[in-house]
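Here are a few exercises to work through with the model open on your screen. Try each task before you read its solution.

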Amino acid sequence: MRKRFLLIVILTLAVPLIAAPQTRSKRPASRNQTKQQTPSADQALKDAETQWAEAFKNQDKVALARMLADDFIFTDDEGRVHDKAEYIKGATELVKVESYKLDDLAARAVGAAGVVTGRWRGRVTIGGKDASGEFRFTDTFVKRQGRWQVLASQDTRIQQQGARSMNGEVTTPSGLKYVDLVEGTGASPTRGQMVTVHYTGTLEDGKKFDSSVDRGQPFVFQIGMGQVIKGWDEGVMTMKIGGKRKLIIPPHLGYGARGAGGAIPPNATLIFEVELLGVK
């Protein structure tokens, strides 16, 4: 009887010892690892946004066609609305991104819908014209056939005021510098309007190379359309009628490495005094 009791005790103790390794091998560790490897819906939206930004930079028509819904609509920073075909054509034929940074991302997913907001900033040209800057965007995604696609997007350009020094000199993000000699009281021009100005241009050594004042004939041009050097388009755009401004234009916003004839040497910084006479 005693031997039989001891045998039962030994067998009772042995069963958990035998079963223990099997129990440990079946613990849900692998399920925990799987959960960690699967991104949340919010993170999946951020990943999709990042992939879209890369496809945009690389002008990848195939990737863009896959990422954008067939009923995609895009509203640009000037309020114009484009469908999918128009957007892809512009992104792959007109827009060239030299560099960019995507940050301040926030994503929210609810069921099969999601929204991503953030900031895009970079150096970019559109049709060969500089369009660099910072943009706030709101992108709406929809989940179809198990993957996120962009349904709608809207960009808003962040207006840069520039950094003002102690002597009133303002430096803009492009590198343009200006000083308001006389504050105007009239309206500022908008892109596409005709502006009338008087100006005098000199090099850094003070040598004058051109002056509408000396000729007694104001200069008229359409602003924001690339009819003048970039420093002029940017610098005159924020003036007011009646104002007079000193523009200090670095080479990349002027005539660059080629210069201009015999009057402006290569890589010259240009200094203009510009008076805004009228806008129409």
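**Exercise 1. The core**

Which residues have the most contacts inside the largest nonpolar core?

Before the solution, some ground rules. This is a predicted model, where local features need pLDDT of at least 70, side-chain atom pairs count only at pLDDT 80 or more, and totals for chains, interfaces and linings use all residues. Residues are numbered from 1 along each chain as its sequence is written, and side-chain values use heavy atoms, with hydrogens and water left out.

Step 1: A nonpolar core is a set of buried Ala, Val, Leu, Ile, Met, Phe, Trp, Tyr and Cys residues joined through side-chain atoms within 4.5 Å. Buried means under 20% relative accessible area, exposed over 50%, and partly exposed in between (1.4 Å probe, protein chains only).

Step 2: pick out the residues. The largest core has 26 residues, and Trp 52, Leu 68, Phe 72, Tyr 87 and Phe 141 have the most contacts inside it.

Step 3: see who contributes. Among the elements that each supply at least two residues are helix H4 (61-67), strand E1 (68-75) and strand E6 (133-144). Helix H3 gives the most, with five residues. (Helices, H or I with at least four residues, and strands, E with at least two, are DSSP runs numbered from the N terminus.)

Step 4: look elsewhere. Another core, of 23 residues, lies apart from this one, and its members include Val 170 and Phe 221.

**Exercise 2. A threonine in a helix**

Step 1: Thr 92 sits in helix H5 (residues 84-93).

Step 2: a polar atom of its side chain lies 2.6 Å from the backbone oxygen of Ile 88.

Step 3: beyond neighbours within four places in sequence, Thr 92 is in contact (heavy atoms within 4.5 Å) with Gln 59, Lys 61 and Leu 64.

**Exercise 3. A buried arginine**

Work out which side chain makes a polar contact with the side chain of Arg 245.

Step 1: Arg 245 is in strand E14 (residues 244-249). With 2% relative accessibility, Arg 245 counts as buried.

Step 2: the partner is Asp 180, at 2.7 Å. A polar contact is a pair of N or O atoms within 3.5 Å; within protein, one must be able to donate a hydrogen and the other to accept it, and residues adjacent in sequence count only if both atoms are side-chain atoms.

Step 3: now check the ring. The charged end of Arg 245 sits over the ring of Tyr 178, 3.8 Å from its centre. (That label needs NZ of Lys or CZ of Arg within 6 Å of the ring centre and within 35 degrees of the ring normal.)

**Exercise 4. Two ring pairs**

Classify the pairs Tyr 100 with Trp 120 and Trp 232 with Phe 272.

Step 1: rings of Phe, Tyr and Trp (its six-membered ring) pair if their centres lie within 6.5 Å; planes under 30 degrees apart count as stacked, over 60 as edge-to-face and the rest as tilted.

Step 2: Tyr 100 and Trp 120 are 6.0 Å centre to centre with 5° between the planes, a stacked pair. Tyr 100 is in strand E3 and Trp 120 in strand E4, 20 residues apart.

Step 3: the centres of Trp 232 and Phe 272 are 5.4 Å apart and the planes are at 85°, so this pair is edge-to-face. Both Trp 232 and Phe 272 are buried.
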